Amino acid sequence: MNKPSDTQKAAKVPSSRVARFSAFGGLATRLAGNIIKEGVKQYSQGQSPQLKQLVMTPTNIGHIADKLAQLRGAAMKVGQMLSMDAGELLPPELTEVLAKLRSNANYMPHKQLIGVLKSHWGDNWLDALGQFELRPFAAASIGQVHLAYLATGEKLAVKIQYPGIKDSIDSDIDNVASLLKMSGLVPNNVKLDELLSQAKQQLHHEADYLHEAALLIQYKQWVKHQAHFIVPKVYPALSNNSILCMEFVEGQSIESIASLDQHTRDSVATRLLQLFLDELFTFKLVQTDPNFGNFQYQADTGCIVLLDFGATRTISNSLSQGYKLLMQGAMTSDMALITEAASQIGFFQDNISAEQQALIVDIFHQACEPLRHNGEYDFAQSRLANRVTDAARSMSTQQDEWHTPPMDAIFIHRKLAGIYLLAAKIKAKVNVQALFSVHQTNDIEKSV
């Protein structure tokens with residue numbers, strides 16, 4: 001989640017299906033009017049514009065982003081997911097619209113907030129607390145987070161879901177799908193319906209705060225022996241499926257360590273990459289949201305605080321093993337092994353051409369470049385994340401060859417890309433080869 005900025009404001013969340021559907025209808029009507037207006041203008045100037053050019057004018061881009069930000073919930077979340085997870089599949093015009101949603105969530109006005117609290121905790125909702133801050137310190141697509149204190153003085157982070165979000169997930173995503181199809185920007189070979197169906201399933205999980213609480217507790221158990229990570233404690237008595245009460249853990253933004261010494265920056269990036277490999281190969285439980293706001297750093301303890309477990313996914317043994325094979329192949333530039341691993345992961349469709357398959361294998365090989373580097377890999381100097389994104393975008397310009405990656409793979413790549421970007425941002429150097437070798441050694445020891 002992101003801290004509300006000066007440009008964000010309190011705005012009531014439309015909570016009923018009728019209100020949310022009307023908002024989409026109003027947006028569609030406004031877009032249609034703008035399309036007609038712009039079309040007439042360009043035709044009068046002797047131009048013959050395409051539909052996508054008429055849809056993606058700066059004015060329409062602003063209207064779409066503003067409306068989805070107002071609706072929040074699945075409407076906004078699916079935009080965020082598509083902008084990060086399928087950016088290489090979508091045209092730049094559409095990516096621009098969706099990218100505006102990553103850090104632009106308004107928050108509930110006080111009256112609506114108190115109504116939500118009363119509906120879940122009763123009219124005397126404040127009795128359980130010593131203090132409650134009405135302005136949130138973080139706001140996102142599904143909910144917002146408030147600071148509170150128990151009578152005992154314990155400091156809490158109270159995550160409160162926007163009203164009506166849970167019941168509107170399916171209809172919101174269907175409405176977003178209609179807008180995307182209307183725009184004519186999504187290539188026919190991109191299985192948008194399949195992507196959005198998976199998004200529905202993921203969002204139903206994220207909107208169930210009891211499910212997130214269980215994942216948080218499970219994750220806390222996994223990392224309990226790793227003293228350099230902190231996972232907040234859950235307060236079950238104050239939590240339900242729409243409110244999640246957690247221990248408030250102090251920390252500074254993870255990006256702020258860019259001003260600290262090289263050893264600290266390298267250590268943080270190393271720990272996060274090691275954690276990712278542990279998630280993928282040992283825990284088989286991956287927190288897939290790489291938003292920088294989900295990580296904090298404690299300068300006094302040197303610990304990394306891990307936050308927000310709504311997007312945590314269980315990874316199958318087969319998928320885990322597939323990625324281990326892929327990394328083994330990439331480390332030795334064994335393209336045949338990378339191809340076998342990518343097939344096991346489920347990346348190749350039956351109708352994929354040999355040329356397209358080779359391009360995908362090459363992108364995997366590029367993405368695993370740090371594994372082939374002997375010693376510390378300099379993420380800032382390499383521009384690896386940008387190079388991989390450029391390669392994927394270049395591949396996706398071949399519209400007849402576009403395809404939809406497996407959803408689990410999308411989430412795993414999303415997390416790894418986020419760590420790469422963070423490592424580059426803080427100018428970290430990491431011996432990635434050594435980190436992966438630990439897991440290879442563990443496999444050998446188990447087989448003996």
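Contact here means heavy atoms within 4.5 Å. The views below are taken from a predicted model.

**View 1. Helices α11 and α12 in contact.** Helix α11 covers residues 317–331 and helix α12 covers residues 335–345. Their axes come within 8 Å and cross at roughly 160°. Angles over 145 degrees count as roughly antiparallel, so α11 is roughly antiparallel to α12. The crossing of the two helices is left-handed. On the α11 side, the residues in contact are S318, L319, Q321, G322, Y323, L325, L326, Q328, G329 and A330. On the α12 side, they are L337, I338, A341, Q344 and I345. Sorted by class, this contact of α11 with α12 has nine nonpolar and six polar residues, and no charged residues.

**View 2. Helices α10 and α11 in contact.** Helix α10 spans residues 262–283. The axes of α10 and α11 come within 8 Å and cross at roughly 125°. From α10, the contact involves F276, L277, L280 and F281. From α11, S320, Y323, K324 and M327 take part. By class, there are six nonpolar residues, one polar and one charged in the contact of α10 with α11.

**View 3. S437 in helix α18.** Helix α18 runs over residues 432–447 and includes S437. S437 has a relative accessibility of 26%, so it counts as partly exposed. The side chain of S437 reaches the backbone oxygen of Q433 at 2.8 Å. S437 and Q328 are 109 residues apart along the chain, and their C-alpha atoms are separated by 9.4 Å.

Notes: Residues numbered from 1 in each chain as written. Predicted model: local features only at pLDDT ≥ 70, side-chain atom pairs only at ≥ 80, totals over all residues. Heavy atoms only, no water. Axes fitted to C-alpha atoms, helices over the stretch in contact; angles between N-to-C directions. Helix = DSSP H or I, 4+ residues; strand = E, 2+ residues; numbered from the N terminus. Parallel < 35°, antiparallel > 145°, perpendicular 65-115°, else oblique. Left-handed = near helix turned anticlockwise from the far one by under 90°. Nonpolar A, V, L, I, M, F, W, Y, C, P; charged D, E, K, R; others polar. Buried < 20%, exposed > 50% of the residue type's maximum accessible area, 1.4 Å probe, protein only. Polar contact = N/O pair within 3.5 Å; in protein donor to acceptor, adjacent residues only side chain to side chain.
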